Amino acid sequence: MSVTKNKQSVETINKMAKAAFPDKTIESADELTEGCCNTAYLIVFTDGSKSILKIASGSNEGYLSNEVNLMDTEVKAMRIMRDSGAVNVAEVQYYDKSKTICSGTYFFMEALDGQSYYSLHSSLTDEEAAQLDFESGRIERSIASVKNLYFGFLCSEEYRFDCLYDFVHKLFENVLHDMKARDIPTQPSPDEIFALLEKDKIYFDEVKQASLTHFDMWDGNIFVSDKHICGIIDWERAMWAEPLFDAPFRSGKRNINMLKGYGQTEFSYAEKRRILWYDLFLYVTMKTEDFYRGYGTAESVAAMQKNIDSTFRELRMI
C-alpha cells in the first residue's frame, strides 16, 4: 500500500459527511482501492444518494516535487471542465481544506454512473471498443480546447512559465532531484538528459499556447455507461501544457481510433520528438514513484529502467 494513503475511521468519515451534508446520514462507506495516491470511498446515504469521498495524505511523505497541490488541482480542473461544458465530469459537492476533521484535505463529489473502461475490456466487442476509443479522442480534443496564457501547474504561482520548454525543463529538474535525494540509480545521467533536451528546445518552442492537459487519461479514468463514455475522473495531475503530454499519446500505445476521434493520425518530426520526451518523463517519474511510494518491486523498477533506456536511445538516434 502506498504511504500516501490516508485511511479514516468510520467515525471520522461520518463527521466529514455531516459537515458536507448536514441533512443526510451514511448507510455505508466502502473504500475504492484502484488508486495509488489518495484514499477514496464510495459513500451511500440512507436516502439512496451516493457520493465519492476523496482524501489527501496528511503529510508530504511519498510525494514527488512535481506533485504540487494535487487536491487543489483536481478540484480546479473539474470546475474548469464543468464550466466549459466540453466534457462530463463529476460535480464537486464540498471541499474542506481546513484539516480540522482529519489530517488531510478532502472533498465529496458526485458519483458517476457506469464503470471504468478498463474494467469492461473483456466484455466489449471490437466494434464497441473502437467506438469508445473514438469518443475518448473527441474528449481529448475538447479538453485541449481549453487554453491558458501560461504553462505550468494549475494551482501554483511558482510554476508558471512563458514557454513550454521552460516548464518541461523544470519537470525534469524536479524528478531528477528527487532521484538524487533518495540515491536512486540514474541512467542516463542528468547531464546527458539536459544536454539533449537543450538541443531539442526548438521543437518545444513550436507550441505557442498552453492547453489544459489531463495527463493521466488512461482507461481506468474513463467511465462508461450504456457502451458510451459518461465521464472522466482523476484530474489531480492536470496541467497547462500541450495535449500530446497526455497518456493516450505515449509512443507505441496510441490507438488509431482514439487518434481519429482526436482528429490527428500523423505527427510531425517535432511532435514525435516532444512525445518521446514526454515518454521519458513519465518513465523516470514512475521509476521514482516506486521508491517514494513504497510499492515498487525489483521487477517493476527493472521494467521501467528498460523503458527509460529504450526511449533515450531513440531520442539520441533520430
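Entry on the model. I note before anything else that this is a predicted model.

Entry on α5 and α6. I looked up how helix α5 (residues 164–181) packs with α6, and found an angle of about 175 degrees with the axes 11 Å apart. Angles over 145 degrees count as roughly antiparallel, and α5 and α6 are therefore roughly antiparallel to each other. On the α5 side I listed Tyr165, Val168, His169, Phe172, Glu173 and Leu176, which meet Pro190, Ile193, Phe194, Leu197 and Glu198 of α6. Sorted by class, the residues of this contact are eight nonpolar, one polar and two charged.

Entry on α6 and α10. I then turned to helix α6 (residues 190–199) and helix α10 (residues 298–317), whose axes come within 11 Å and cross at roughly 40 degrees. That angle makes α6 oblique to α10, and I recorded the crossing as left-handed. Glu192, Ile193 and Leu196 of α6 make the contact with Phe312, Leu315 and Arg316 of α10.

Entry on the second largest pocket. I looked up its volume, which is about 370 Å³, and its lining, which has 18 residues, with Ala56, Ser57, Asn60, Asn69 and Leu70 lying nearest the centre. Helix α2 (residues 70–84) gives the largest share of this lining, three residues. Seven nonpolar, seven polar and four charged residues make up the lining of the second largest pocket.

Definitions and conventions: Residues are numbered from 1 along each chain as its sequence is written. This is a predicted model: local features need pLDDT of at least 70, side-chain atom pairs count only at pLDDT 80 or more; totals for chains, interfaces and linings use all residues. Side-chain values use heavy atoms; hydrogens and water are left out. On a 1 Å grid over the protein atoms alone, a cavity is a set of points where a 1.4 Å probe fits but cannot get out, and a pocket is an open set with protein on both sides within 12 Å along at least five of seven lines; lining residues have an atom within 4 Å of a point. Grid points are joined across faces, edges and corners, and a volume is the space filled by probe spheres set on the points. Helices (H or I, at least four residues) and strands (E, at least two) are DSSP runs, numbered from the N terminus. Ala, Val, Leu, Ile, Met, Phe, Trp, Tyr, Cys and Pro count as nonpolar, Asp, Glu, Lys and Arg as charged, and the others, Gly among them, as polar. Axes are lines fitted to C-alpha atoms, for helices over the stretch in contact, and angles run from 0 to 180 degrees between N-to-C directions. Angles under 35 degrees count as roughly parallel, over 145 as roughly antiparallel, 65 to 115 as roughly perpendicular and the rest as oblique. A crossing is left-handed if the near helix is turned anticlockwise from the far one by less than a right angle, and right-handed if clockwise. Contact means heavy atoms within 4.5 Å.
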